[in-house]
Amino acid sequence: MKTEYDYIIVGLGLAGICFCEQLRAHNKSFVVFDDSSQQSSTVAGGLYNPVVLKRFTAVWKSDEQLPLALAMYQDLEQLLDVKLDYKIPVYRKFASVEEQNNWFTASDKPALKPYLSTGIIKNENPAIQASFGFGEVLYTGRIDVKILMETYREFLTKRGLFQKESFEYSNILNNNESVVYENIIAKHIVFSEGYGVVQNPFFQNLQLSPTKGELLIIHAPDLKIDFVLKGPVFLIPMEDDLYIVGATYELYDLTHNPTEKGKNKLLEGLKTMISCPFEIVDQVAGIRPTVRDRRPLVGQHPVHKHLYVLNGLGTRGVMIGPYVANQLYNFIENEEELEPAINISRYS
Ligand SMILES: Cc1cc2nc3c(=O)[nH]c(=O)nc-3n(C[C@H](O)[C@H](O)[C@H](O)COP(=O)(O)OP(=O)(O)OC[C@H]3O[C@@H](n4cnc5c(N)ncnc54)[C@H](O)[C@@H]3O)c2cc1C
């Protein structure tokens, strides 16, 4: 006897969770497969921030993404009965008068005006080195993605909707009406495997350009900051005097192993930002599904029409995930066009 579902979802990182939320909202039935082979979402710093602080530009579609994302995390807090969204300002440390001036110019641009405060904040914390002060980014925060992942997986497991196993691509049988996978019949399969998509024989032509990212967790009892500090690295406060320090960008070593090189790079940046003692308590790594043209990878297989991909969330999965999941859902169920910039048909 086969069980029928509307959807099979392969991969329960941020992309998979965002798509499941679309399905739940529209009363579609689904089952999820995940084998824990990737961990980009598990280790993510979880920041959402509408501004690219390196270049002082607005994040692509941030005006549309942010409200959708915040509403979804708020709903998830209720559903899972956990705190996920920590509203916290981001302070960009200025390294010079020139950077202060660049900030003023940027905060005058219409696209950035809502997100950048105009004044310069003076540093009064002796544990921080910032003689040129900071600029504050507004509408920022941190999603506790690790807790989200754990509790969402538990939520699905309790309802019999989660299979902790590898999805075997060769076991898919396609026909005109549906797809058959082992003892399941489904109308559609959505692949959201993050970097794991490189193993997926159906979506080999995506222009993924993955980047490994490493983070340190430090314990710094004298630091006492209640904002995210952005200098050469991000410093993100958590509970109990713990801070996330991140992140690195590595193109060639695509393993999940933390490295000495990654640690040293992060410490080099951190030491230009703080002067108090600290202890490293953990180091983690994950592979971001980044894309050559920096746009998500969303769409339908050109031949096997029941197969779809939701990937390429890159460095900003927290904000982009809900937006692209919404686009894919409307494409499949309501025949709405996908935005050309995210549609995988751009590679055909
Ligand atoms: C160090 C680091 C810091 C980051 N910080 C931030 C941040 O502060 N803010 C932000 O917005 N983003 C951040 N990101 C980026 C963010 O993590 C990604 O955009 C996002 O996690 C990608 O989610 P995903 O679901 O596409 O992929 P993943 O999280 O990799 O999830 C894919 C899932 O698919 C599963 N899977 C793969 N293949 C199979 C298979 N064959 N069968 C079954 N299951 C399978 C994997 O086990 C995994 O659970 C960071 C990333 C890293 C690495």
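Reply: Gladly, and let's begin with a definition: the radius of gyration is taken over C-alpha atoms, and the globule rule is 2.2 Å times the number of residues to the power 0.38. This is a predicted model, in which local features need pLDDT of at least 70 and side-chain atom pairs count only at pLDDT 80 or more, while totals for chains, interfaces and linings use all residues. Residues are numbered from 1 along each chain as its sequence is written, and side-chain values use heavy atoms, with hydrogens and water left out.

Me: What makes the radius of gyration agree with a compact globule?

Reply: For 348 residues the rule gives a radius near 20 Å, and the chain has 21 Å, so the two agree. Along the principal axes, the C-alpha atoms fill a box of roughly 70 × 40 × 40 Å. The chain has seven helices and 20 strands, where helices (H or I, at least four residues) and strands (E, at least two) are DSSP runs numbered from the N terminus.

Me: How do you know which residues surround the ligand?

Reply: A residue counts as near if one of its heavy atoms lies within 4 Å of the molecule. By that test 36 residues surround the ligand, and the closest are D34, S37, S41, L47 and G314. They divide into 13 nonpolar, 17 polar and six charged; here Ala, Val, Leu, Ile, Met, Phe, Trp, Tyr, Cys and Pro are nonpolar, Asp, Glu, Lys and Arg are charged, and the others, Gly among them, are polar.

Me: Why is β14 called largely enclosed?

Reply: Buried means under 20% relative accessible area, exposed over 50%, and partly exposed in between (1.4 Å probe, protein chains only). Eight of the nine residues of β14 are buried, so the rest of the structure largely encloses this strand. Across the chain, 53% of the 348 residues count as buried.

Me: How do you know which strands pair with β14?

Reply: Two strands pair if DSSP finds at least two bridges between them. Nine bridges join β14 to β18, running antiparallel, and I218 stands opposite I280 there. Five bridges join β14 to β17 (residues 242–246), also antiparallel, with L216 partnered by V245.

Me: Why is E182 called partly exposed, and what is its phi?

Reply: E182 has 38% relative accessibility, so it counts as partly exposed. Its phi is near 50 degrees, a positive value in a residue other than glycine. Most residues other than glycine have a negative phi. E182 lies in the loop between β12 (179–181) and β13 (184–191).

Me: What makes D241 partly exposed?

Reply: At 24% relative accessibility, D241 counts as partly exposed. D241 is in the loop between β16 (234–237) and β17, and its phi is near 60 degrees.
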